[in-house]
Amino acid sequence: TLQVTIERARHLLDTCDDTEIEGYYCRVQLCDAKVTTQVANDLDVPKWAETFEMSVTDPDSDLVTVSLCRSLVGGEDVAVGHVAVPAQRVRTTTTEEGWYEVRASDGCLVIGTTDKASLLIRFRYSEMNGADAATHCST
């Protein structure tokens with residue numbers, strides 16, 4: 001099982017003049033499972049402090065992806081970028097935490113007003129027991 005805690009973001013794009021932005025949220029994906037944080041309305045430093053438990057199918061090849069999105073007034077979503085972390089790396093260290101740089105779909109870093117956009121994320125890995133084995137990649 002992989003526990004993913006999305007804490008907050010920093011150095012996001014300048015949103016001072018954009019009244020169409022409702023806030024930011026994160027979408028976490030592992031295998032076919034997807035979970036989403038609430039929309040954080042603080043546009044300068046969005047905070048979530050939300051934790052999700054997700055099943056790992058293959059710890060050697062699974063990749064957890066955290067997508068940072070803007071929620072626009074009217075229901076539109078705009079992808080800002082993403083962070084991708086191999087489950088194997090977290091499995092090796094059991095716990096990993098830090099500021100992860102957000103990358104656009106083309107792989108380039110997302111640059112905010114003062115620095116690289118980043119997300120504070122905590123990952124914690126624990127081996128599944130036999131009872132949990134049947135719930136791979138389900139939410």
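1. A salt bridge here is a side-chain nitrogen of Lys or Arg within 4 Å of a carboxyl oxygen of Asp or Glu. Arg91 and Glu127 meet this criterion, their closest N and O atoms being 3.1 Å apart. The pair joins distant parts of the chain, with Arg91 in helix H1 and Glu127 in the segment after strand E8 (118-125), 36 residues apart. Helices (H or I, at least four residues) and strands (E, at least two) are DSSP runs, numbered from the N terminus.

2. The model is predicted: local features need pLDDT of at least 70, side-chain atom pairs count only at pLDDT 80 or more, and totals for chains, interfaces and linings use all residues. Residues are numbered from 1 along each chain as its sequence is written, and side-chain values use heavy atoms, with hydrogens and water left out.

3. Arg91 also forms a salt bridge with Asp60, at 3.6 Å between the closest N and O atoms. Asp60 lies in the loop between strand E4 (47-54) and strand E5 (63-72), 31 residues from Arg91 in helix H1 (residues 87-93).

4. On accessibility (buried is under 20% relative accessible area, exposed over 50%, partly exposed in between; 1.4 Å probe, protein chains only), Arg91 is partly exposed at 31%.

5. Arg122 is partly exposed at 24%, as is Glu97 at 49%. Shared partners join Glu7, Glu97 and Arg122 into one salt-bridge network.

6. The whole structure contains six salt bridges.
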